[in-house]
Amino acid sequence: MSGAIHAFGKLILEGAEETGQFSFLVRSTFGWMTSYRIEWRQTLIQMVRVGVESLPVTAMTAFFTGMVLALQTGASSKHFFNEPLFVGTVVAFSLVMELAPVMTAIVVAGRAGAAIAAELGTMKVTEQIDALYTLGTDPIRYLVIPRFIAFMLVLPLLTVASDFTGIFGGYLVAHAKYQIPATVYWHDITNNMEIRHFVHGFLKTFVFAAVVSLVSCFKGVTTRGGAEGVGKATTAAVVISMVLILVLDYFATAVLNAFGIT
Amino acid sequence: MIDAEGVVKRFGPRTILRGIDIRVETGETLVIIGGSGCGKSTFLKCVIGLHHPDSGKIVVDGVNVADLKTEREIADYRRKFGYLFQEGALFDSMTVWENITFGLRYLTDIPTGKYRKIASDCLALVGLKDVEDFKPSELSGGMKKRVALARAIAAQPSYILYDEPTTGLDPIMTDVIADLILDLQKQLKVTAIAVTHDMKAAYKVASRIAMFHEGKVLQVAHPEIIKISENPYVRQFVDGKSEGPIKMKLKEFEAEGASNHVAKKS
Ligand SMILES: Nc1ncnc2c1ncn2[C@@H]1O[C@H](COP(=O)(O)OP(=O)(O)OP(=O)(O)O)[C@@H](O)[C@H]1O
Ligand SMILES: [Mg+2]
């Protein structure tokens with residue numbers, strides 16, 4: 001019993017310590033961004049990496065998501081109304097407001113987030129991060145901020161790309177399976193959708209970008225204990241990012257709704 | 001001048017440094033010797049500010065390391081130092097010359113056009129050439145060590161902390177590096193702390209030698225005095241004998257095991 005209490009207490013303490021360290025990282029990230037020169041070269045390298053690495057996968061994910069949405073919507077509305085109605089509307093709304101931002105963020109967390117945690121983790125355990133410090137560079141400025149900015153710029157773009165590929169995938173199914181003409185599909189979308197719906201999904205991607213980049217960087221730079229530690233850090237980065245994406249998606253939606261951006 | 005007073009450093013429950021008092025005068029090279037795991041690297045990291053002592057203080061040129069607060073102050077402090085990591089710690093995503101000149105961007109205002117030339121010059125100093133475009137993974141262990149040394153001296157710091165500069169080098173290269181450390185001290189008036197297990201190199205480069213044992217400084221003296229030291233610990237270490245007051249853990253274990261074994265038999 002006392003063993004369990006001890007273990008639980010240790011867990012709480014460790015959790016608190018990690019949260020403290022994490023908020024320190026977040027604070028220094030914003031501190032450095034406002035007060036120091038930004039490493040644009042590093043930022044650009046990271047943008048290319050995150051963007052180019054992820055685009056094929058995120059596009060494909062969105063494409064098939066759009067297709068399955070169209071398939072499901074068509075099937076159920078056929079079942080209820082005997083004809084496929086509002087397929088374009090459902091596909092576009094689901095994608096633009098929820099699925100594209102969330103799925104893109106999750107895929108990027110799995111690819112780029114894991115890569116970041118593994119790279120920074122290896123640098124940490126081989127003392128390369130200490131070496132940065134001795135060579136007059138702040139690791140947060142050199143490693144964390146470029147990745148943070150890269151995510152903030154690239155993830156929203158990837159999401160917009162997902163919006164379009166998803167809607168296109170939906171159209172292909174709507175057309176091939178339910179013979180819905182392009183004009184109808186497009187009208188279903190434009191007649192019902194407003195710019196604020198797009199903004200709703202778009203704004204959420206910034207929250208996801210911040211979460212994935214900061215969590216991955218944090219797990220990387222706090223890695224301990226050799227190759228095994230790097231493995232653990234990578235797994236933790238991906239799992240925590242994914243869970244936080246889903247949790248924060250709810251709260252971000254609630255906040256945006258409260259501001260009438262729905 | 002580096003002045004350490006009562007430096008204590010703990011990792012969790014283990015106390016590694018138990019009150020280190022040492023003063024390194026400007027322009028001298030202090031060599032630290034001592035058994036594996038006695039905290040030599042830890043002490044160097046405390047000096048440059050990678051570790052923060054739990055108590056005691058380290059004062060460099062009148063500045064207490066613990067008092068450095070703003071980024072600007074920390075940057076100015078680091079600018080004074082070159083640091084050779086025991087494991088090299090080369091950036092494996094960069095080429096050799098990018099590694100060597102990495103610090104110049106932040107520590108100096110040398111124009112970037114001159115970087116390659118500087119890299120080649122530093123490589124020549126450590127006895128390497130034509131490796132500028134290699135990645136660290138393409139180098140041998142001794143080459144990595146020397147590239148790391150080249151990186152530590154590239155920005156011409158006034159203090160250099162060498163963590164085992166000659167480990168893993170052949171005897172000739174060891175002497176070349178020892179000469180380099182001497183030259184830096186004589187010509188550029190570098191103040192240095194060097195950790196080494198190589199007594200020959202230690203006698204060659206040291207202005208004074210400090211022996212660490214169990215987190216304390218056992219003796220600090222001129223190399224000639226260390227050579228004839230009366231202290232049994234120092235004696236055993238510099239002579240490299242397995243018999244003596246410093247019991248290696250392995251020996252104790254073996255001795256115990258062996259006696260048990262004998263006891264069982266009889
Ligand atoms: N970051 C750390 N966390 C926990 N313990 C550490 C850490 N760094 C060093 N230690 C411990 O501190 C002790 C001293 O380590 P240090 O690297 O300073 O030894 P050293 O004197 O340089 O040995 P060597 O001659 O083998 O390089 C070791 O027992 C090591 O386990
Ligand atoms: Mg060491």
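The model is a predicted one, with local features needing pLDDT of at least 70 and side-chain atom pairs counting only at pLDDT 80 or more, while totals for chains, interfaces and linings use all residues. Residues are numbered from 1 along each chain as its sequence is written, chains are lettered from A and ligands numbered from 1 in the order in which they are written, and side-chain values use heavy atoms, with hydrogens and water left out.

As for the domains themselves, chain B splits into domain 1 (2–80 + 157–265) and domain 2 (89–156), with bounds that come from an automatic or database domain assignment. Their C-alpha centres sit 25 Å apart. Contact (heavy atoms within 4.5 Å) links 15 residues of domain 1 of chain B with 13 residues of domain 2 of chain B. About 1,200 Å² is buried between the two, 72% of it on carbon and sulfur atoms; buried area is the accessible area (1.4 Å probe) that two parts lose on being put together, summed over both. Arg79(B), Pro157(B) and Leu180(B) supply 40% of what domain 1 of chain B buries against domain 2 of chain B, more than any other three residues. On the domain 1 side, strand E7 (159–163) and helix H7 (171–188) of chain B are the elements giving two or more residues, and H7(B) makes the largest share with four. Helices (H or I, at least four residues) and strands (E, at least two) are DSSP runs, numbered from the N terminus.

Ser41(B) belongs to helix H1 (residues 40–48) of chain B and Gln86(B) to the loop between strand E6 (81–84) and helix H3 (96–101) of chain B, so the pair ties together parts 45 residues apart in sequence. Ser41(B) is buried at 19% relative accessibility, whereas Gln86(B) is partly exposed at 31% (buried means under 20% relative accessible area, exposed over 50%, partly exposed in between, with a 1.4 Å probe and protein chains only).

Two non-glycine residues show positive phi: Lys189(B), near 55°, and Glu214(B), near 50°. Lys189(B) sits in the loop between H7 and strand E8 (191–195) of chain B and is exposed at 56%.
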